[in-house]
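This briefing goes through one protein model, topic by topic. Please keep the sequence and the structure in view while reading.

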Amino acid sequence: MISLGRRGVYSPRPMAAKDAPKEPKDGKSKGKYADTVRLPETAFPMRGDLAIREPELLARWQNDRLYQRISAARAGAPLFVLHDGPPYSNGSIHYGHILNKILKDLVIRSKTMAGFDAPYIPGWDTHGLPIELAVERELKDKRRDMTSADVRAACEAYARKYVDIQRKEFQRLGILGQWEEPYLTLDHEYEQAIVLALAEFTRGGYLYRGKKPVYWCPRDRTALAEAEIEYKDKSSPSIYVRFPLEQSGASLDPRLGKLALVIWTTTPWTLPANLAVVAHPRFTYVAIPRGDEHLIVAKELAETFCKAIGLAPDPATWIDLGPDQMRTLEGARYVHPFMGAPRAEADYRLWFAEYVTAEAGTGLVHTAPGHGADDYNTGVAHGLEVYAPVDDAGRFTAEVPHWAGMKTTEANPLIAQHLHDVGALLNAVGDKIQHSFPHCWRCKDPILFRATPQWFIKMDHPEGSGSLRNRALAAIRATEWVPPWGENRIYAMIENRPDWVLSRQRLWGTPIPAFYCRACKHAHADADTMIHIAAIFGREGADAWWKRSVAELLPAGTRCAGCGADGATEFEREQDIVDVWFESGVSWKAMAAKHASHADRGDGLPPIDLYLEGSDQHRGWFHSSLLAGIGVMGKPPYREVITHGFVLDENGIPYSKSTIQKAKAEGKKTSYIEPEDVIKKSGAEMFRLWVASIEFRNDMPYSQAILDGLAEWYRKFRNSARFVLGNLTDFDPNTHTRATVSLRPIDRYLLARLDDLIARVTAAYAGYEFHVVHRALVDFVTIDLSALYSDVAKDSLYTDATDGARRRAAQVVLYECVHALATLSAPIMCFTAEDIWQYLPRKAGDPDSVHLARFPRGLARADQDAEALWTGWDALLALRGTVNKEIEPFRAQKHKSTDARIEVGVDAAALAALGVTDEDLAELFVVSSVVLRDPTAGVTVTEHGGLRCERCWKWFAALAAEPNDVCVRCAGALAALKG
């Protein structure tokens, strides 16, 4: 009997039912009426042949200027701006690029089809160290004889070459955009925007020059940004070093005599720059006897320390030194193990600071103001020199005895040995520790913390809530972050980051437009001067910095603010370039100057709707764009930020060529498929399906098995579309609509399902939930359209008269389904949807490309006010599942389902409420007849026992009079064929 149930409990039957009349494979007629059956007929190919067909469609879109036509069609519509984060132009695209660009294309296409004006202007990051290093490798010895302008020209040529390569590769993925005129950070207008943004920071008092410890790559000989650092495990020396105090400990406790502060470090090379030792003001320390002196360490770490140096812990012999006692040692001088007399009166003293921890070591921190951020702050507080006797290549200068000219990595073991030889090392020479350490993201080598003169942007200027840092933190809270954890991640980064190191010691980039006075060494960094230079760059590009004289770069009458010297004759130009993260961080400003769509809308909100990049960009582009936006225009450039995960293989290993090569070198089993190989074999549509099928906010698995599974779904989708199109060859959507045909109950149900699909899919697109779109399309095509409706409707489609009411109603349903599927799938399967559209009967007003169309409108199930319809059909479909199970033994006896007569117990009132008759049930079950029984009865399957129609193969109690071997319906269809 019919009872309330849930959707989807029945087992779907294959779309091509075994029982429908079929044309023999040899093409010969089978049966008397075979030629009168209207089987599906369409030129829409069964095989996608995507590797061949996609380039043809791309050429057509380009020739037809499809992107420009879409833009024109949406002119005046609500604006939605996704700002493209610029990939780096130094190689072919990889899987991360593929994921990112396809995601952006899904956003742009879905927004466009939802009715927005959604421009997409791709961009490239074309400055920076990787390009410069690649060019230097190519130039080799020629580099010595080239001018700066010559080298920059070679860098530009290199960058443009890979822009062209990547542009073609991105277009091959089906990405629509303004490819003819992208934005490049080397464009004159862009370089002008960089300098104008820097002028705003300068005018606001944020820019300054100072000597502070920064991340430094000794291999590339340049300062590094936070975003250019990656953390990897590293084996480092582990040394405990005693620093004897000059004063006796008797004033602390009568039992004490000689005292030594004990520090622990993993960077012996920083010891020549040691100027202080720092303790925590609230820790309790202990004096541990060793020989004729006591060693001072934090009480909490004392036992671990003793074990590390091979000393048996004996707390009974330790003398506690409370915070107040320790405070009496503030400013006490110690003896450096090997550097001799202090350089200044403030050197080699004990100070206190809150940043000291008890997580490891001794609770006493060796402090070198030139080699650490906390160390620097301590130095500022106590008047210590920012001392860093290490050159650009990471070698000790002549100020360091014993190891001058030696690399820090080479000197580490020698320093440890020297400490042992002079009696300062407390543990064994050669002790190591494995720990996470910052490395350069380019060369992969460990970095140095090294104080060098650099240009900085002040994070805490002006003081208080209006500082750059605090305004950025407030803006983070006002921005929508997807996933939500991104908010806390970038908040912590901004909250704790040091001042922004703006300068880089390279050539290929935009110069910092500052000067130095030869007479008094004063640095000239002036906003008005920068604006003047920006105008020159806008006309000539940043090359003018190296081609023009200083006098030609400066505004007339510029003088030194320090000594009044004439800038035209006494100024020297800055040689450093701007951090490339600052360059990309002002991309919104460069775009606003060039494209009205990216300009401020005057509503008080950020100008850009969406930034969408990988989760690593919280410390990269999202980070620099936020600070640049706050510093230049007082608000972030973006309203919403979405991050995606990384591409992983089936074993959870990052799916990149370099990672795979490393794994192979380690003897691990790996597989890597070049993207172009996939495209050559299967087309780019498989990549688009992969991106859409997986929740992109997480890391995304990728493998050949995943592609194979998607290929199987693609075949089902294409075959379903082909079946539908094949049944619409004589259909005119302008004549036959929902309003003009008589819809059966199953027609109404399927249209309700379609409306619900449209509503759910368009909502999922609006929420960027592409995996939800994919799943909804899969379910609708395989369950609702194929397994249910097509299976049921094919009898009417094949055998009813051409203008038969049931057939026309079925065609209306199929047309609406395929029309909706073409548009709803177009952002994902852009090539296949376009293919379907070309074979779809045209309705008045339909554009010639699916990508110019709008999404259809639909009502979600909850909004259709037809709960009785849904509940009733849930029960009917559950009953269909039961009947199908009962028919299987009947089929096993070599019967067809149309040979069957079904007796079934149902609630007649429930059927009547749905408008379903016994004939509708026979059609639903794909049997010849259904007999309704008492609701308590089950399902009985028997042979029909009547007369079989030789045209539709169904069984009847009686056949037509003329011809007498077909049913009445088929007789009418035959008569209509005759005219």
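Helices (H or I, at least four residues) and strands (E, at least two) are DSSP runs, numbered from the N terminus. This is a predicted model, in which local features need pLDDT of at least 70 and side-chain atom pairs count only at pLDDT 80 or more, while totals for chains, interfaces and linings use all residues. Residues are numbered from 1 along each chain as its sequence is written, and side-chain values use heavy atoms, with hydrogens and water left out.

**Cis peptide bonds**

- Pro483 sits in the loop between β17 (480-482) and α12 (485-496). The peptide bond that joins Val482 and Pro483 is cis, with an omega of about 0°.
- Another cis peptide bond runs from Glu962 to Pro963, with omega near -15°. Pro963 belongs to the loop between β32 (955-956) and α31 (968-978).

- Lys140 is a residue other than glycine, yet its phi is positive, near 55°. Lys140 is placed in the loop between α4 (129-139) and α5 (148-172).
- Lys140 counts as exposed because its relative accessibility is 63%.
- Tyr348, also a residue other than glycine, has a positive phi near 60°. Tyr348 lies in the loop between α8 (323-327) and β13, and it counts as buried because its relative accessibility is 3%.

**Strand pairing**

- Two strands pair if DSSP finds at least two bridges between them.
- Strand β10 (residues 285-290) and strand β11 (residues 293-298) run antiparallel and are joined by six bridges. In this pairing, Ile288 stands opposite Leu295 in β11.
- β10 and β11 form a hairpin with two residues between them, and Gly291 in the turn has a positive phi of about 65°.
- β10 also pairs with strand β12 (residues 319-321) in the antiparallel sense, over three bridges. Here Tyr285 stands opposite Leu321 in β12.
- An open sheet of three strands has the order β13-β9-β14, with mixed pairing. Each of β13 (349-352) and β14 (364-367) has a single partner strand, so these two stand at the edges and one side of each is left without a neighbour in the sheet.
- Strand β9 (residues 276-279) runs antiparallel to β14, and four bridges join them. Ala276 stands opposite Thr367 in β14.
- In a regular strand the side chains alternate between the two faces of the sheet.

**Helices**

- α3 is mostly covered, with 18 of its 19 residues buried. Gly115 follows α3 and has a positive phi, near 105°.
- Helix α6 (residues 188-203) packs with helix α13 (residues 527-540) at an angle of about 175°, and their axes are 7 Å apart. That makes α6 roughly antiparallel to α13.
- Axes are lines fitted to C-alpha atoms, for helices over the stretch in contact, and angles run from 0 to 180 degrees between N-to-C directions. Angles under 35 degrees count as roughly parallel, over 145 as roughly antiparallel, 65 to 115 as roughly perpendicular and the rest as oblique.
- Contact means heavy atoms within 4.5 Å. The residues making the contact include His188, Val195 and Thr202 of α6, and Ala527, Ile531 and Phe537 of α13.

**Ile679**

- Ile679 lies in helix α21 (residues 675-682) and counts as buried because its relative accessibility is 13%.
- Leu50 is 629 residues away from Ile679 along the chain, but their C-alpha atoms are separated by 8.6 Å.
- Leaving aside neighbours within four places in sequence, Ile679 is in contact with Ala51, Arg172, Leu173, Ala684 and Phe687.

**Cysteines**

- How many disulfides are there? A disulfide is a pair of cysteine sulfur atoms within 2.5 Å, and by this rule the count is zero.
- The closest cysteine sulfur to that of Cys520 is in Cys560, 3.5 Å away, which is too far for a bond. Cys520 counts as partly exposed, at 32% relative accessibility.
- Cys970 is in no disulfide, and the nearest cysteine sulfur, that of Cys967, is 3.5 Å away. Cys970 is buried, with a relative accessible area of 0%.

Conventions:
Buried < 20%, exposed > 50% of the residue type's maximum accessible area, 1.4 Å probe, protein only.
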